[in-house]
Amino acid sequence: MQYDDKPKDECGVFGVFGHPRAVELTYLGLRALQHRGQESSGIIASDGEKFTYHHGMGLVHSVFTTEVLAKLQGHIAIGHNRYSTAGESTLENAQPLVRNYKQGPLALGHNGNLVNAVQIRNHLENAGSIFSTTLDTEVIFHLIAHSRKRILEDRIIDALRSIEGAYSFVCMDKNTLIGARDAHGFRPLWLGKLDDAYVLASETCALDVIEAEPIREIEPGELIFLRSPHRGIESLRFRQRQSRLSQCIFEYIYLARQDSMMFGQSVNGTRREFGRQLAREHPVKADVVIPVPDSATIAALGYAEESGIPFDLGLSRNSFVGRSFMNPAQAIRELMVKIKLNPVRDVLRGKRVVLVDDSIMRGTNSRKLIKIVRQGGATAVHLRIASPPNKFSCFYGVDTPTRGELIASSHTIEEIRKYIRADSLGYLSIDGMLNSVKASEDFCTTCFDGKYPIPFVDQPSEQLPLIVD
Ligand code: SF4
């Protein structure tokens, strides 16, 4: 039994240029980005002469002990937390990847998913290239190495013009930190400053933790080079920004941390507005609003504010339970969800409850949650979802269930309500969600409407979308 029936964060990237404690800062940045990937972690550092690096499976604090960190030296560093959306979960696939090409060592950490990596890989393998991982990221190295251009900037531009998909990445050679974001702007990437040093991070919460000042988001289609404090930020365009961007709206719903800024507005404020709008669209008579912790807490606050129904914490979350758990017998498995979430009886007993969650994937998890809330003594459970029905899989770097597994792809809302055994069920509308964000035309909403902004060259035929926008 899985409690975490949620889309999985893609990956987190972080980089520092020009700081004597670049390695420690990268370590702290990765800890702040732990929610974006928990399978493996890596840091590469350069002192201008050579790379030192370490990768490991598991959480950042367990991969990087004090002794390991002391071996990494340099004023430039990049780091990566991985959750696998492409490639297997093995140490060989841990990022950042390091490769030597004819101009020296190069390291790269990538957040997102390329949609034509298999096609490029086949082409390169037919031409004699040998790959050592199953990562889509590795094709970028090969494309850089194969480029006939002389300088690194032009080689990277060549590579980026060949790949399609969703990506934000940090890259480094011995003397340079490099950042890039795809022209659709799917995945976030921020630039910050700490004294004379520059910092790149997937989210601003990682800049905050090292007390770096956020400067701006890397623009879609922009490639930046950081070589020296005197030269500052050298910015190039490798592709024109798309007239309509495809920023991932799921960052606001679930993926990003509440304390981050993202795509020009705060995650906290946006999530709260989703909750307020949900209350306007789906009011109900109830005694208490409770969130599914922790990701739905802010939306539930918004629902409570708008509806005037008191907010309380009716589910207690045990945050010390790891992701992995041995597979016990069925009877014990049924109890596993309670290891993570337990009802707070004096909040729930005798109450009509509005239970707010951020999304429903397969529906099995919602069914269990509702059962727990009823076991806590609730007399009615009205489930409210702070996003529209999730009907389509993501191929742009977020691990979602297959379309056939997504309950809303094949069931009406009333059928879902019956299955999860809620007294009522209401989802945020697509219009309501988009009215809560600035520049609503610049967001990917594929999960809900199936309008895939870029076609997938690599996907198997049964996964192909119905509509390509
Ligand atoms: S399909 Fe969904 S999860 Fe994927 S990028 Fe688009 S909005 Fe984000």
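Me: How far apart do the C-alpha centres of domain 1 and domain 2 lie?

Reply: The C-alpha centres of the two domains lie 35 Å apart. The model is a predicted one. Its domain assignment gives domain 1 as residues 11-243 and domain 2 as residues 267-437.

Me: What makes domain 1 and domain 2 count as being in contact?

Reply: Two residues are in contact if their C-beta atoms, placed from the backbone, lie within 7 Å. By that criterion, 11 residues of domain 1 are in contact with six residues of domain 2. On the domain 1 side, strand E6 (104-114) and strand E7 (165-172) are the elements that give two or more residues. E6 gives the most, with three residues. By class, this side of domain 1 has four nonpolar, six polar and one charged residues.

Me: Why is Gly192 called buried?

Reply: A residue is buried if 20 or more other C-beta atoms lie within 10 Å of its own. Gly192 has 22 C-beta neighbours inside 10 Å, and therefore counts as buried. Gly192 lies in strand E9. Leaving aside neighbours within four places in sequence, the contacts of Gly192 are Val199, Ala201, Leu207, Ala212, Glu213, Pro214 and Ile215. Ile163, by comparison, is 29 residues from Gly192 in sequence and 27 Å from it in space, C-alpha to C-alpha.

Me: How do you know that strand E9 and strand E10 pair, and in which sense?

Reply: Two strands pair if DSSP finds at least two bridges between them. E9 (residues 190-194) and E10 (residues 197-201) are joined over five bridges, in the antiparallel sense. In one of these pairs, Leu191 has Leu200 in E10 as its bridge partner.

Me: What makes E3 and E11 the edges of their sheet?

Reply: The sheet is open and consists of seven strands in the order E3-E2-E4-E1-E10-E9-E11, with antiparallel pairing. Strand E3 (51-57) and strand E11 (213-217) each have a single partner strand, so one side of each is left without a neighbour in the sheet. From one strand to the next, the twist averages 15 degrees. Helix H1 (residues 22-32) packs on this sheet, where it touches strand E1 (11-17), strand E2 (40-46), strand E4 (76-82) and E10. The direction of H1 makes about 20 degrees with that of E4.

Me: Why is H1 described as largely enclosed?

Reply: Eight of the 11 residues of H1 are buried, so the helix is largely enclosed by the rest of the structure. Those buried residues are Ala22, Val23, Leu25, Thr26, Tyr27, Gly29, Leu30 and Ala32.

Me: What makes helix H10 mostly covered, and what covers it?

Reply: In H10 (residues 297-307), eight of the 11 residues are buried. Among them are Ile298, Ala300, Tyr303 and Ser307. The cover over the buried residues includes helix H9 (267-281), strand E17 (288-291), E20 and E21. H10 is followed by Gly308, whose phi is positive, near 80 degrees.

Me: Why is strand E21 called largely enclosed?

Reply: Five of the six residues of E21 (residues 380-385) are buried, so the strand is largely enclosed by the rest of the structure. E21 runs parallel to strand E20 (residues 352-357), and six bridges join the two. Within this pair, Val356 stands opposite Arg384 in E21.

Me: Which classes of residue make up the shell around the ligand?

Reply: The shell divides into nine nonpolar, two polar and no charged residues. The residues surrounding the ligand include Phe186, Phe250, Tyr396, Val398 and Cys447.

Notes: Residues are numbered from 1 along each chain as its sequence is written. This is a predicted model: local features need pLDDT of at least 70, side-chain atom pairs count only at pLDDT 80 or more; totals for chains, interfaces and linings use all residues. A residue is near a molecule or strand if its C-beta atom, placed from the backbone, lies within 6 Å of it. Ala, Val, Leu, Ile, Met, Phe, Trp, Tyr, Cys and Pro count as nonpolar, Asp, Glu, Lys and Arg as charged, and the others, Gly among them, as polar. Helices (H or I, at least four residues) and strands (E, at least two) are DSSP runs, numbered from the N terminus. Axes are lines fitted to C-alpha atoms, for helices over the stretch in contact, and angles run from 0 to 180 degrees between N-to-C directions. Domain bounds come from an automatic or database domain assignment. A residue is buried if 20 or more other C-beta atoms lie within 10 Å of its own, exposed if 12 or fewer, and partly exposed in between; C-beta atoms are placed from the backbone.
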